[in-house]
Amino acid sequence: RRNHYSLLGIDGADLPEREEAIADIVRTYLKSSGPAGLSEIRHQTDFTGMEVQRALKRIGAEAVLTGSGDTEFYLMPEDLHLLETPVSYEENIMTPLTIVSLFDPLVATFGRELYARYGQGWMHPLVCGGVLAGIIEDWPSNDGIEIREMDLHGPSVEEFVQAIKKFMAYYSFFGVEIARIRKIAEGMDARELKAHGFKEIKGSLVYGDILPISVSWEQALNYILWRAGFSKDRVYRDTIELLKSQIILRSDPEIALRVRRVYPLEYLHKEGRVLKGYGIPPYLSYIDAERAGIISLFRKKELTHEEEEIFDLIRRYGPIPVKDILASPLMGRESARKALRSIFRSGLVFKNSWGHYLVPEPPDIDRDEAVRLLISAWLDVFGLVTPSHLSSFSGFAVSLWELKKVLREMETEGKIVKGLFLEDDDRVFWIPSGDTKKLSKVKVK
């Protein structure tokens with residue numbers, strides 16, 4: 001008969017007491033899915049917390065702590081030995097060792113083993129042939145992946161290195177440059193990792209194309225000052241040469257000790273050698289007239305109707321004096337003044353030696369090439385840089401992603417190299433490739 005309901009045990013069999021039935025169900029669950037926490041058992045069985053606790057006591061379940069957590073998990077006494085008996089790696093190797101996410105569907109097949117062995121925390125399982133082969137606890141940053149803890153049983157160091165390479169290939173899309181191991185797995189030999197491309201730098205094993213050089217902050221500051229021109233053997237000929245190298249200068253005090261012949265910036269402005277406006281970073285500056293158009297490639301501003309009218313007026317008739325702009329019949333004087341001030345501060349227009357407004361001639365280069373010119377100028381004046389520093393210095397007009405993309409291209413061309421150059425700093429710095437020896441040697445008096 002179909003779809004007929006009947007009472008369980010109606011044939012006269014004795015029904016178990018509720019407490020006994022609950023205990024039997026909890027025992028069955030632990031045998032199939034343990035270790036399991038109290039809240040999990042409650043969720044899966046719909047029993048109350050007190051009922052589950054009594055059942056656990058009745059069946060003699062053992063409580064264990066896993067990983068670094070303080071949550072108790074329960075399993076049957078006869079299953080305790082399984083926690084210390086990993087599945088044989090040699091018998092189950094079918095696919096290469098792979099680092100997977102906790103959210104990978106494959107993790108569901110060995111989730112119990114994973115949490116029983118390592119607890120609940122931020123980690124990536126190491127999987128080989130569908131078998132759990134260990135974990136890494138990794139934390140990504142702007143520059144690299146930091147592996148703080150790891151466990152590996154079965155696969156060789158060579159297989160682990162290949163898995164790290166695949167892992168890094170994924171993270172390279174996010175601008176990650178290196179993998180840094182703080183603590184290796186128990187039983188692993190650091191010499192084997194070094195034999196497969198890892199470098200020992202500042203107490204960590206580092207994988208990536210970086211130089212194993214580090215200096216103190218005091219020495220790095222000597223190099224930066226030397227690069228900026230505060231040294232007799234690297235002083236600029238005059239203000240014009242410095243400006244062409246740096247593209248933008250803000251005031252006379254920043255040039256006085258860096259050039260042999262000082263031309264005041266305002267004098268150069270009156271001579272028509274420089275323009276005045278808001279550059280990169282977005283402060284009122286003096287800008288090389290021949291390269292002012294580069295700045296316009298980094299200006300993204302939604303113009304109002306009034307601003308668009310004023311900008312178009314300057315582009316068509318500039319250089320144009322402010323009185324002619326304010327006398328425009330397109331709008332009132334106050335609206336025109338407000339729109340002019342806005343587009344000037346946005347770096348869309350500049351002032352020439354007469355104080356007339358103009359739109360610089362756009363350069364015949366794309367944005368990537370413009371980023372390259374800016375990076376070259378910043379490397380020339382700072383020497384030691386990070387992408388995050390450069391993005392912040394630009395007033396975030398140049399994105400971190402653009403900077404990393406161009407830095408990688410320049411590295412491939414052999415123009416720059418990277419490394420963990422500061423002793424007390426874990427960030428990846430970039431430096432001109434010809435300056436690696438100077439970094440540790442130059443002194444500025």
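**Rings, sheet and helices**

Modeller: Ring pairs join Phe167, Tyr170 and Tyr171 into a cluster; rings of Phe, Tyr and Trp (its six-membered ring) pair if their centres lie within 6.5 Å, and planes under 30 degrees apart count as stacked, over 60 as edge-to-face and the rest as tilted. This is a predicted model, in which local features need pLDDT of at least 70 and side-chain atom pairs count only at pLDDT 80 or more, while totals for chains, interfaces and linings use all residues. Residues are numbered from 1 along each chain as its sequence is written, and side-chain values use heavy atoms, with hydrogens and water left out.

Biologist: How many aromatic pairs does this rule give?

Modeller: The rule is applied to the ring centres. The count comes to nine aromatic pairs.

Biologist: Which kind of pair do tyrosine 278 and phenylalanine 344 form?

Modeller: Tyrosine 278 is in strand E14 (residues 274-278) and phenylalanine 344 in helix H13 (residues 333-345), 66 residues apart; helices (H or I, at least four residues) and strands (E, at least two) are DSSP runs, numbered from the N terminus. The ring centres of tyrosine 278 and phenylalanine 344 are 5.5 Å apart and the planes stand at 90°, so the pair is edge-to-face.

Biologist: Are tyrosine 278 and phenylalanine 344 buried or exposed?

Modeller: The classes rest on relative accessible area: under 20% is buried, over 50% exposed, and in between partly exposed (1.4 Å probe, protein chains only). Both tyrosine 278 and phenylalanine 344 are buried.

Biologist: Why does phenylalanine 382 count as partly exposed?

Modeller: Phenylalanine 382 lies in helix H14 (residues 367-382). It counts as partly exposed because its relative accessibility is 28%.

Biologist: Which strands are the edge strands of the open sheet?

Modeller: Seven strands form this sheet, in the order E4-E5-E6-E7-E8-E10-E9, with mixed pairing; two strands pair if DSSP finds at least two bridges between them. Strands that pair on one side only are the edges, namely E4 (98-99) and E9 (199-201).

Biologist: What angle does the direction of H4 make with that of E6?

Modeller: Helix H4 (residues 111-118) has Gly111, Leu114, Ala116 and Tyr118 buried. H4 packs on the sheet and touches E5, E6 and E7, where contact means heavy atoms within 4.5 Å. Axes are lines fitted to C-alpha atoms, for helices over the stretch in contact, and angles run from 0 to 180 degrees between N-to-C directions. Between H4 and E6 the angle is about 60°.
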